[in-house]
Amino acid sequence: MRANLHIATILVVLLMHGKLHNTSVDGGELSGDYSKLSGIIIPGFASTQLRAWSFLDCPYSPLDFNPLDLVWLDTTKLLSAVNCWLKCMLLDPYNQTDHPECKSRPDSGLSAITELDPGYITGPLSSVWKDWVKWCIEFGIEPNAIIAVPYDWRLSPSMLEERDLYFHRLKLTFETALKLRGGPSIVFAHSLGNHVFRYFLEWLKLEIAPKHYNQWLDEHIHAYFAVGAPLLGAIETVKATFFGNTFGLPVSEGTARLMFNSFASSLWMMPFSKYCRADNSYCRHFAGGFRKGHHTYHCEEKEFHLNYSGWPTNIVNIEIPFRGFDSYPSVTELAQTNLSSMECGLPTQLSFSAREISDGTLFKAIEDYESDSKRLLYQLKKSYHDDPVLNPLTPWDRPPIKNVFCIYGIDSRTEVGYYFAPSGKSYPDNWITTDIIYELEGSLYSRSGNLVEGNPGAASGDDTVPYNSLSLCKNWLGPKVNITRAPQSEHDGSDVQVDLNVEHQHEDDIVPNMTRSPRVKYITYYEDSESILGRRTAVWELDKANHRNIVRSPALMRELWLQMWHDIHPSAKSKFVTKAKRGPLRDEDCYWDYGKARCSWPDYCEYRYLFGDVHLGQSCRLKNSSADALLNYL
């Protein structure tokens with residue numbers, strides 16, 4: 001799951017060269033306390049390069065693997081020597097060690113997250129952060145102000161620490177950034193990177209004395225931007241477990257499944273119930289019980305009184321053919337409610353909620369049909385249920401960070417449920433999909449287009465993560481919320497809607513009573529009206545923003561830029577930047593209006609030809625500097 005230009009907007013203003021005291025505008029040039037801030041980037045799943053750390057001779061192929069050769073992602077070697085490539089990608093499914101003939105490790109630095117497969121053709125197709133780095137260079141950001149913290153996205157959280165000391169090194173990264181630049185960092189995490197950051201915060205509790213924990217966070221982290229965070233897991237993880245995820249690569253689903261299921265991280269984003277929690281390792285640690293027992297898993301009464309574990313529908317539905325009661329005892333034990341149909345020799349449908357996936361009930365039920373069930377149950381228990389720091393398959397609470405921004409896309413068609421059946425073939429092709437349930441703009445549909453009963457949310461998800469998982473962070477908002485809906489594009493304020501001091505009940509969704517123009521994409525902002533002293537929370541919903549491409553949204557880059565500019569400016573009067581209007585901020589935002597035969601936004605843009613311009617739009621440029629334009633948003 002990719003991230004690209006997104007954090008650029010945060011750091012464009014924050015990390016520029018400047019003076020070390022008050023922020024001001026002097027002669028159109030920006031100046032201020034930018035040099036003290038750093039940006040820490042935690043990429044998402046499969047968004048870090050992996051390089052070989054072995055010599056591997058590939059028979060029948062002119063291409064071999066040598067130390068430091070690209071593994072993830074080298075499409076040339078994937079196409080010419082797929083078996084060799086798989087050896088460098090696969091991990092032992094039980095102990096997560098490397099293949100005996102080849103090992104891979106994550107690359108380091110910004111180069112690890114810019115392009116996964118550099119090249120004239122493959123580079124743009126696999127670009128992750130490259131354009132963002134170009135953006136930062138254009139605005140004069142110092143190289144040491146941007147810090148990437150890539151990780152081996154194949155590993156479970158405990159193995160990240162055990163094998164690579166990843167969380168120790170992440171802590172040192174924050175401390176080094178503070179010492180080097182003199183100020184706190186901005187954390188930007190996308191998709192799985194949010195789970196990594198959550199685990200780090202819990203791990204940190206066991207490394208720092210309790211009375212110093214919040215102080216450490218306040219000193220080292222200014223803001224946390226959670227983008228596309230699967231706070232209750234992601235449905236696509238289930239599909240990848242049963243069928244694999246090709247990532248658009250030229251490999252079969254069976255091969256992709258073999259690879260995906262060898263990673264312990266394949267379970268990290270499994271869907272789970274919003275009503276079930278584990279005990280607090282932090283409390284047990286200081287009670288003397290840390291590492292001596294396992295998490296106590298308990299569910300609220302709502303889990304058993306309400307359907308679907310807080311999800312729109314049952315996530316997995318499996319049709320089991322009848323073969324006699326003694327043939328598959330694991331199934332018959334779990335299908336007691338369907339015995340009447342089994343007695344008649346009819347197929348039985350077993351349905352599984354998010355809780356029954358995360359606690360292993362699903363995999364126990366199908367272990368006679370699924371040869372990989374034992375491995376899945378082993379990893380689920382070892383790497384997640386019995387993790388000494390945190391059971392990641394439990395709901396999130398608001399991180400104890402001063403400024404938290406939760407950002408995600410809505411109203412795209414998103415998968416929320418599956419119907420599977422045994423195919424009669426051997427692993428890894430032993431399942432077929434008979435139907436898929438989608439959510440779309442407040443309704444549930446089957447693959448054939450029929451309406452389906454369930455508990456759909458007020459909106460749908462971002463094409464990858466369902467709405468209920470993305471929007472859990474609305475629980476982090478205070479008791480009163482200000483809601484603003486504005487167009488994503490530049491606007492004069494005529495289509496901005498505001499609703500102030502909306503009552504917010506914990507665990508209830510906030511649904512704005514606002515209109516929409518069918519041809520306009522909006523951003524809906526939910527911002528604390530009342531919050532804990534020293535804490536600020538905001539949730540931004542972007543219409544039709546795709547999970548993988550949300551970080552490339554120019555509108556989102558603009559909003560992050562404006563918000564952080566507002567935060568550091570001494571003349572700012574409100575907690576959040578105004579949404580009253582949005583004009584062009586860069587020359588690239590100006591364009592030629594052919595209908596009026598002039599540059600658009602004449603109050604901001606003018607026609608100014610420079611040598612090398614090849615079309616009229618290129619010659620439309622800002623009348624004044626970006627610094628002057630930013631003063632309109634204080």
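How many of the seven residues of strand S9 (residues 221-227) are buried? Seven of the seven are, so S9 is largely enclosed by the rest of the structure. Keep in mind that this is a predicted model. The protein chain has 634 residues, and 57% of them are buried.

**The whole chain**
- The secondary structure of the protein chain comes to 22 helices and 25 strands.
- Take the contacts between residues at least 6 apart in sequence: 69% of them join residues at least 24 apart.
- The chain's accessible surface is about 26300 Å². Carbon and sulfur atoms account for 52% of that surface.

**Strand S9 and its partners**
- Strand S8 (residues 185-190) runs parallel to S9, and six bridges join the two.
- In this pairing, Val-187 stands opposite Tyr-224 of S9.
- S9 also pairs with strand S14 (residues 403-410). Those two run parallel as well, with five bridges between them.
- Here Val-227 stands opposite Ile-407 in S14.
- In a regular strand, side chains alternate between the two faces of the sheet.

**Helix H11**
- Helix H11 covers residues 236-243. Seven of its eight residues are buried, so H11 is largely enclosed by the rest of the structure.
- An α-helix has 3.6 residues a turn, so residues three or four places apart point the same way.
- Just after H11 comes Gly-244, which takes a positive phi of about 90°.

Notes: Residues are numbered from 1 along each chain as its sequence is written. This is a predicted model: local features need pLDDT of at least 70, side-chain atom pairs count only at pLDDT 80 or more; totals for chains, interfaces and linings use all residues. Side-chain values use heavy atoms; hydrogens and water are left out. Buried means under 20% relative accessible area, exposed over 50%, partly exposed in between (1.4 Å probe, protein chains only). Helices (H or I, at least four residues) and strands (E, at least two) are DSSP runs, numbered from the N terminus. Contact means heavy atoms within 4.5 Å. Accessible areas come from the Shrake-Rupley method with a 1.4 Å probe; for residues, only the protein chains shown count as cover. Two strands pair if DSSP finds at least two bridges between them.
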